[in-house]
Amino acid sequence: TELLDLNKDGFLIRNQAGGIVFKMAFRSGTLDLDSCSKEGVILRCSRSYAGKVNFFIMTVKPKETVMCYRVRWEELESDRPVEHAMAYNESHWYGGAESAVQHWPIAISGQQAPKPFVTSDVYSNRHDFGGILERYWLSSNATAIKINDSVPFHLGWNDTEKTMYFQARYQDSPYKPLPGMPPYAELSYRVCVGPDVTSIHKVMVRRYFPKPNKVPLEAMFRYPIWSTWALHKTDINQEKLLSYAASIRKYGFNCSHVELDDRYTSRYGEFEFDPVKFPNASGMFHKLKADGFLVSLWTHPFVNYDSANFGLCVQKGLFVMEPTGQLPALVRWWNGIGGILDFTNPDARNWFTSHLRALRSKYGISTFKLDAGETNYLPWQFRTRAHLPDPSTFTRRYTEMAIPFNERAELRSGYGSQNISCFFRLIDRDSVWGYELGLKSIIPTVLTISILGYQFILPDMIGGNAYPNRTYGNGKLPDRELYIRWLELSAFMPSMQFSIPPWEYDAEVVAIAQRFTALHETLVAPRVLELAGEVLNTGDPIIRPLWWIATGDETAYRVDSQFLIGDDLMVAPVLEPGKQERDIYLPAGHWRSYKGERYENKEPVHLTDYPVDLDEIAYFLWIQ
């Protein structure tokens with residue numbers, strides 16, 4: 001085709017100006033070009049040097065400035081893997097998955113043989129792909145690639161060769177061919193090329209991504225959520241919950257809802273309150289309601305073997321089974337060993353939902369925090385009621401359980417789940433400064449999942465989770481300066497979530513928190529809500545990278561510590577300990593700083609050592 005050159009070992013794509021913007025090499029086989037023919041917009045080949053294949057490239061032009069290529073390589077005689085290698089050397093890439101060490105753009109290091117591209121809990125498995133994941137990547141070269149859902153997809157990379165490996169295979173893999181089909185792999189994807197990175201992303205997200213069909217409740221955007229987790233962990237009880245709620249009121253904070261986290265039941269997999277920890281649950285909820293508090297409950301897909309419900313779930317066949325389908329599969333999760341509910345089974349879905357509805361009607365619970373859902377909590381080999389060729393479809397099925405509660409629900413995993421229309425939370429953060437689940441990881445992670453089409457984002461708890469041995473300074477509380485900087489950044493996110501409360505520190509921290517929750521409510525939330533309404537039609541990010549408005553600017557592609565809310569509010573938090581200044585990159589345009597300074601720059605400007613006090617965050621408004 002005019003902009004695509006195919007040879008026996010791969011293909012390359014040029015942009016309208018003739019520059020090479022995309023290179024893909026065929027690693028697992030070489031095409032026999034004598035078997036190729038062109039019919040209209042489709043180029044087909046029927047043989048590789050190893051045997052029969054179904055190979056084609058189809059050209060599609062979705063709009064005047066965009067060219068797309070649908071590529072498919074299907075083995076017809078052999079179960080060998082199909083592997084293509086994409087060169088990334090000249091450009092910056094974004095997308096893919098949440099990860100424990102998150103950079104923006106993607107920072108590829110070392111070598112990784114192709115491994116299953118499936119959802120995983122990266123808090124526990126730091127080298128896996130994360131709980132929110134989509135088969136989509138975007139480059140500063142204005143190219144994008146989306147791997148088809150039907151592919152048994154494995155991803156690898158090689159930093160020396162500057163390549164990413166896209167592989168399809170069924171051997172030694174949790175992917176399964178459709179029943180009755182031979183395990184012949186098929187690698188299919190679409191590559192699109194456009195005029196600039198923002199335009200091409202807009203085309204991809206409008207054409208190929210599910211969109212939310214409604215916006216969560218306004219209160220979720222305006223007022224903070226208060227969780228019991230980081231403060232009390234599993235030691236939460238009735239007295240502590242009531243005291244926590246009373247303090248929220250005492251210190252004059254607003255509240256979307258209070259989240260009663262792990263562990264309010266006697267055993268995991270039960271739905272009754274532990275009578276020792278919660279001697280009068282009905283009275284407690286009545287008091288909270290009278291005081292104006294809505295309550296959310298933590299829940300999960302596991303039923304531990306010592307739970308009263310375990311035998312019942314075995315008897316009714318509600319669990320994911322081991323491969324023969326004769327016995328339930330036992331799985332290990334962070335709170336023990338048990339069965340995992342099979343959300344492809346309508347009976348299991350109904351059983352789970354009926355318990356959540358019962359809690360809602362008995363106690364007036366407003367919603368649920370649905371934890372886990374990643375495929376690493378499934379056995380390597382398993383059987384479900386509906387056949388799952390792709391294990392991450394289990395994540396999708398679990399996220400559907402939030403739909404009846406989605407006005408205030410919270411999920412932490414997602415795969416094709418953008419249309420669940422609820423808030424998605426980043427995986428637990430540690431109370432540290434760095435890129436590994438620390439403060440510096442928040443902007444890269446939020447930008448990544450925004451590009452994947454998830455716009456209603458909860459950036460996890462302010463200050464992190466204060467886990468022992470994973471807390472900067474090794475105190476019981478997150479470091480004070482870290483907590484303040486985290487709070488400031490969270491105030492410019494779509495939603496705020498406290499657990500360790502500001503009054504655990506001192507009056508100054510309380511005053512800073514009061515100021516920033518008010519700023520969130522008056523400045524940030526109205527903007528975010530307006531953008532949230534647009535997401536339903538466009539899928540465009542609410543939290544945007546700087547290149548969104550500076551597409552031709554090399555520096556903007558690399559900025560990972562600033563972001564935009566829409567196109568007209570730019571935020572530059574301080575993310576380093578001991579600093580009361582930072583370098584700021586200001587895109588071309590007319591800007592007014594939060595201090596009232598005006599900048600009218602035709603070119604991007606670097607503000608060096610711009611002063612930002614401990615109780616401030618730098619932000620700039622676009623002025624017409």
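Helices (H or I, at least four residues) and strands (E, at least two) are taken here as DSSP runs, numbered from the N terminus. The model is predicted, so local features need pLDDT of at least 70 and side-chain atom pairs count only at pLDDT 80 or more, while totals for chains, interfaces and linings use all residues. Residues are numbered from 1 along each chain as its sequence is written, and side-chain values use heavy atoms, with hydrogens and water left out.

## Backbone geometry

Let us start with the backbone. Most peptide bonds are trans, and most residues other than glycine have a negative phi.

| Site | Feature | Location |
|---|---|---|
| Trp-104 to Pro-105 | cis peptide bond, omega about 0° | Pro-105: loop between strand S9 (93-97) and strand S10 (111-116) |
| Asp-262 to Arg-263 | cis peptide bond, omega near 25° | Arg-263: loop between strand S17 (257-260) and helix H5 (281-290) |
| Asp-172 | positive phi of about 45° | loop between S14 and S15 |
| Lys-233 | positive phi of about 50° | loop between helix H3 (229-232) and helix H4 (238-250) |

Asp-172 counts as exposed because its relative accessible area is 60%; the cut-offs are under 20% for buried and over 50% for exposed, with partly exposed in between (1.4 Å probe, protein chains only).

## Ala-185

The loop between strand S14 (163-168) and strand S15 (186-193) also holds Ala-185. Is Ala-185 buried or exposed? With a relative accessibility of 0%, Ala-185 is buried.

Its surroundings can be listed by contact, meaning heavy atoms within 4.5 Å. Leaving aside residues up to four places away in sequence, Ala-185 touches Trp-73, Glu-74, Glu-75, Arg-80, Val-82, Ala-168, Arg-169 and Tyr-170.

Eight strands form an open sheet with parallel pairing, in the order S25-S24-S23-S22-S18-S17-S16-S26. At its edges are strand S25 (457-458) and strand S26 (497-498), each pairing on one side only.

Within this sheet, strand S22 (residues 367-370) pairs with strand S23 (residues 410-411) in the parallel sense, over two bridges. Which residue of S23 stands opposite Leu-370? That place belongs to Leu-411.

Terms used
Pairing = 2+ DSSP bridges.
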